[in-house]
Structures are given as C-alpha cells and as structure tokens.
Amino acid sequence: MDELRELYQQVILDHNKNPKNFGKIEPANRTAEGYNPLCGDRIDLYLQVEDGIIKDISFEGAGCAISKASASVMTTVLKGKSLAEAEQLFRKFQKLITSEPGAEPDLKEMGKLAIFCGVREFPLRVKCAGLAWHTMVAALKNENKTVSTE
Ligand code: ZN
C-alpha cells in the first residue's frame, strides 16, 4: 500500500502538470460540464462517439490537482472503450474511491485507476476524483446540463 501511496502522489503531480487529452476536440458529439462546488473544480468534457465506441475524448477546465489528474487519467483509460465498458469502469471507480480506507484495490481490474484509492482517506477529495467520471456519464447520456457533485 505504501507503494500505491507514492504512486498516487506521483501520478497526481504528473497529470496535473502535463494533463493528457487537454483541450477541445472538434467535432465532439457528446459534451457535458461538471462542477464541484465544494472545491470549485470545473470541467468541460468532449467526446467523439462512433458506433458505440469512444473514438476520442478530451477535457478542459480548472480545478485542484486531484480533479485534473483524475480527468486526465480517465481520458487515457476511456479512449477506444465501448460505452458499456465506460459505464462499467465508472461504477468500479466509484466503488473504489468510496470503499473502506485500507481495503486493497484490485490492481488487475483497476490498472492505473487504482492509485485513486488514495482519496479514500480524504472524504472531500472523493468528489474531486469523481467529478470527471460523473461528467462523462452525463455526456454519454447527452444531458446538456451542468453536472454538480452536490
Ligand atoms: Zn477539487
């Protein structure tokens, strides 16, 4: 678990400094906006979905390091996934970040997402880490409204 904690810090720092898939993609046929009032995190998510597959995904926004890193890692994980796989990952991620602190994450199943179990020790941060994922689900439903974690 110590290793995972170190990796958590490293990944958050890296992705905050050099976010992946940052910017707007054109054309995007699914978009949504997310807001976490507890921390002030904002995210705009852009997806290009074709034949039930996420062909491209990107984000823009401003927020804390965790919200940004979570969005960045999420885009790298979801690119090329089917919509069903994306929803499944959302549920697994949600379960991961709200599970008991100390519970071992399934590294095989979660891959690099597993490091976000580090937020379990900081309840306020769970919303930061989950923001991009909630926004993604809204975008897939094509709900053109602002998603709030509250
Ligand atoms: Zn935040």
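**Ser 148**

Leaving aside neighbours within four places in sequence, I found Ser 148 in contact with Tyr 35 and Pro 37, where contact means heavy atoms within 4.5 Å. Ser 148 sits in strand 4, residues 146–148. My helices (H or I, at least four residues) and strands (E, at least two) are DSSP runs, numbered from the N terminus. For the record, buried means under 20% relative accessible area, exposed means over 50%, and partly exposed is in between, with a 1.4 Å probe and protein chains only. I also took a C-alpha distance: Ser 148 and Asp 41 are 107 residues apart along the chain and separated by 10.0 Å.

**Ground rules I kept to**

Residues are numbered from 1 along each chain as its sequence is written, and side-chain values use heavy atoms, with hydrogens and water left out. Since this is a prediction, local features need pLDDT of at least 70 and side-chain atom pairs count only at pLDDT 80 or more, while totals for chains, interfaces and linings use all residues.

**Zinc site**

Asp 41 took me to the metal. Which residues coordinate the zinc ion? I listed Cys 39 (SG), Asp 41 (OD), Asp 41 (OD), Cys 64 (SG) and Cys 128 (SG), at 2.2 to 2.6 Å. Donors here are N, O and S atoms within 2.8 Å of the metal (3.2 Å for Na, K and Ca); water is not among the atoms, so sites may look incomplete. I wrote the donor spacing in sequence as C-x1-D-x22-C-x63-C. Asp 41 is in strand 2 (residues 41–50) and Cys 128 in helix 5 (residues 123–140), so this pair ties together parts that are 87 residues apart in sequence. I checked burial for both: Asp 41 counts as buried at 0% relative accessibility, and Cys 128 counts as buried at 1%.

**Asn 36**

Next I looked at Asn 36, which is in strand 1. What does Asn 36 touch, not counting residues up to four places away in sequence? I got Asp 41, Lys 127, Cys 128, Leu 131 and Thr 149. Asn 36 counts as buried, with 0% relative accessibility.

**Ala 139**

Then I went along helix 5 to Ala 139. Ala 139 counts as buried at 0% relative accessibility.

Most residues other than glycine have a negative phi, and most peptide bonds are trans. So I went through the exceptions on my list.

- Glu 26 and Pro 27 are joined by a cis peptide bond, with omega about 0°. Pro 27 lies in the loop between helix 1 (2–17) and strand 1 (30–36).
- Asn 21 is not a glycine, yet its phi is positive at about 55°. Asn 21 is in the loop between helix 1 and strand 1, and I have it as partly exposed at 23% relative accessible area.
- Asp 51, a residue other than glycine, has a positive phi near 50°. Asp 51 is in the loop between strand 2 and strand 3 (53–62), and its relative accessible area of 78% makes it exposed.

**Whole chain**

Last, I stepped back to the chain. I counted five helices and four strands, in the order α-β-β-β-α-α-α-α-β along the sequence. The C-alpha trace spans about 40 × 30 × 25 Å along its principal axes. How does the radius of gyration fit a compact globule? For 150 residues the rule gives a value near 15 Å and the chain has 14 Å, which agrees; the radius is taken over C-alpha atoms, and the rule is 2.2 Å times the number of residues to the power 0.38. Of the 150 residues, 44% count as buried. Among contacts between residues at least 6 apart in sequence, 61% join residues at least 24 apart.
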